[in-house]
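Here is a walk through one protein model and its ligand. Keep the viewer open and follow the contacts as they come up.

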Amino acid sequence: MIRLIEKLAKEHRLELAEYELLLRNRNPEAAELLTELAQKTRKEVYGNSVFIRGLIEISNICKNDCLYCGIRGGNRNCVRYRLTPQEIMECCEEGYELGFRTFVMQGGEDAYYNDELLCGLIADIKQRFPDCAITLSLGERSRESYQKLREAGADRYLLRHETADAEHYAKLHPPQLAFADRMRCLHELKELGFQTGCGFMVGSPFQTEAELAKDLKFIETFQPDMCGIGPFIPHIDTVFAGYQAGSLELTCYLLSIIRLIKPNILLPSTTALGTIDPLGREKGILAGANVVMPNLSPASVRKKYMLYDNKISDGDESAQSLDSLKQKISAIGYQVVTDRGDIKNI
Ligand code: 5AD
């Protein structure tokens with residue numbers, strides 16, 4: 001194990017079978033060494049800076065019916081909303097004042113946000129805040145659409161791959177969603193010059209070390225700029241309501257491995273991690289994460305973007321509590337910075 005971890009830290013790659021071993025044979029000693037090396041690596045690239053992103057959840061209307069997701073189209077109990085371009089702009093204004101220099105517009109696959117509307121909105125935000133980056137997280141779209149959004153000024157795109165194993169993908173999604181389409185989108189986004197993010201849930205139903213090893217191999221070969229991982233958490237109105245949540249321990253272990261695979265990756269300590277443990281966000285940073293994404297959505301809609309049960313949206317998760325978040329992050333030896341926080345070339 002020690003030899004494997006040292007090899008990973010040095011070469012930033014392992015064989016698929018080695019990733020699987022690293023996961024199957026994990027023990028406290030291995031976890032400690034991984035954390036130590038991940039912290040060291042992260043500090044070499046980003047010092048003690050933590051980047052913040054203002055997360056605007058623009059719509060919980062979604063045409064898809066992903067089996068794990070609380071806002072899946074088929075969930076009759078979900079109270080739907082969508083924000084208008086003006087409401088989104090107001091969130092950016094508030095966020096800018098608070099010190100955010102990246103706005104993430106995330107939402108379900110909602111046809112209301114057609115290319116024309118989005119391109120107009122992106123151009124307006126860019127004009128108003130030229131020193132800010134725009135990240136989109138709006139699911140699968142055509143190459144033409146991605147290209148228009150990029151030309152309008154969007155800088156980054158997050159599209160979690162959810163799992164790098166096609167059969168596992170089919171167990172988490174309805175037949176309309178195909179693994180090949182997801183991969184096509186991710187490759188197109190990269191080709192179009194977006195800083196591109198993938199990611200997956202830890203402890204999702206049917207996931208074993210074999211699937212996770214494939215996720216790690218995918219990250220190693222795809223070389224994303226960002227990677228969002230967080231524990232799976234069941235949602236009561238989904239098929240997976242009765243399944244167990246993923247663990248904090250495994251999520252942190254994976255964060256450290258991902259940091260070693262790609263030393264300059266932008267790695268968020270996610271809301272899901274903060275939801276399963278009151279100190280989850282801090283533990284994620286200590287494991288190698290360097291990004292946090294406080295919620296900038298209007299307070300009136302926050303509880304409606306329930307991807308999973310008990311998703312936190314107030315307290316330190318809210319952009320308005322940034323001061324408290326800053327204090328907690330400095331208490332563990334890191335510092336929140338006002339910066340676009342682009343990936344650093346090394
Ligand atoms: N638990 C954890 N994460 C979830 N997501 C969706 N549903 C859940 C859940 N039940 C994640 C997916 C999606 C992102 C927006 O949220 O990975 O890509």
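One of its oxygen atoms is 2.5 Å from an N or O atom in the side chain of Glu162. That is a polar contact, meaning a pair of N or O atoms within 3.5 Å; within protein, one must be able to donate a hydrogen and the other to accept it, and residues adjacent in sequence count only if both atoms are side-chain atoms. This is a predicted model: local features need pLDDT of at least 70, side-chain atom pairs count only at pLDDT 80 or more, and totals for chains, interfaces and linings use all residues. Residues are numbered from 1 along each chain as its sequence is written, and side-chain values use heavy atoms, with hydrogens and water left out.

A backbone N or O atom of Tyr68 lies 3.0 Å from a ligand nitrogen. For Ile233, a backbone N or O atom lies 2.7 Å from a nitrogen atom of the ligand. Taken alone, the ligand exposes 400 Å², and the protein buries 88% of that. These areas come from the Shrake-Rupley method with a 1.4 Å probe; for residues, only the protein chains shown count as cover.

Which residues surround the ligand? They are Tyr68, Cys69, Arg160, Glu162, Met201, Pro231, Phe232, Ile233, Leu307 and Tyr308. The shell divides into 8 nonpolar residues, no polar ones and 2 charged. Here Ala, Val, Leu, Ile, Met, Phe, Trp, Tyr, Cys and Pro count as nonpolar, Asp, Glu, Lys and Arg as charged, and the others, Gly among them, as polar.

Now turn to strand β6, residues 195-202. Helices (H or I, at least four residues) and strands (E, at least two) are DSSP runs, numbered from the N terminus. Because 8 of its 8 residues are buried, β6 is largely enclosed by the rest of the structure. Buried means under 20% relative accessible area, exposed over 50%, and partly exposed in between (1.4 Å probe, protein chains only). Strand β5 (residues 156-158) pairs with β6 in the parallel sense over 3 bridges. Two strands pair if DSSP finds at least two bridges between them. Arg156 stands opposite Gln195 in β6. Strand β7 (residues 226-231) is also parallel to β6, over 6 bridges. There, Gly199 has Gly228 in β7 as its bridge partner.

Arg156 leads on to Thr102. Their side chains are joined by a polar contact of 3.0 Å. Thr102 lies in strand β3 (residues 102-107) and is buried, at 0% relative accessible area. A polar atom of its side chain also lies 3.0 Å from the backbone oxygen of Arg340.

A separate open sheet comes next. Its 3 strands run in the order β8-β1-β9, with parallel pairing. Strand β1 (residues 49-52) pairs with β8 over 2 bridges. Phe51 stands opposite Val291 in β8.

Finish with the cysteines. How many disulfides does the structure hold? The count is 0, where a disulfide is a pair of cysteine sulfur atoms within 2.5 Å. For Cys198, the nearest cysteine sulfur, that of Cys227, is 4.3 Å away. Cys198 is buried, with a relative accessible area of 2%.

Key:
A residue is near a molecule or strand if one of its heavy atoms lies within 4 Å of it.
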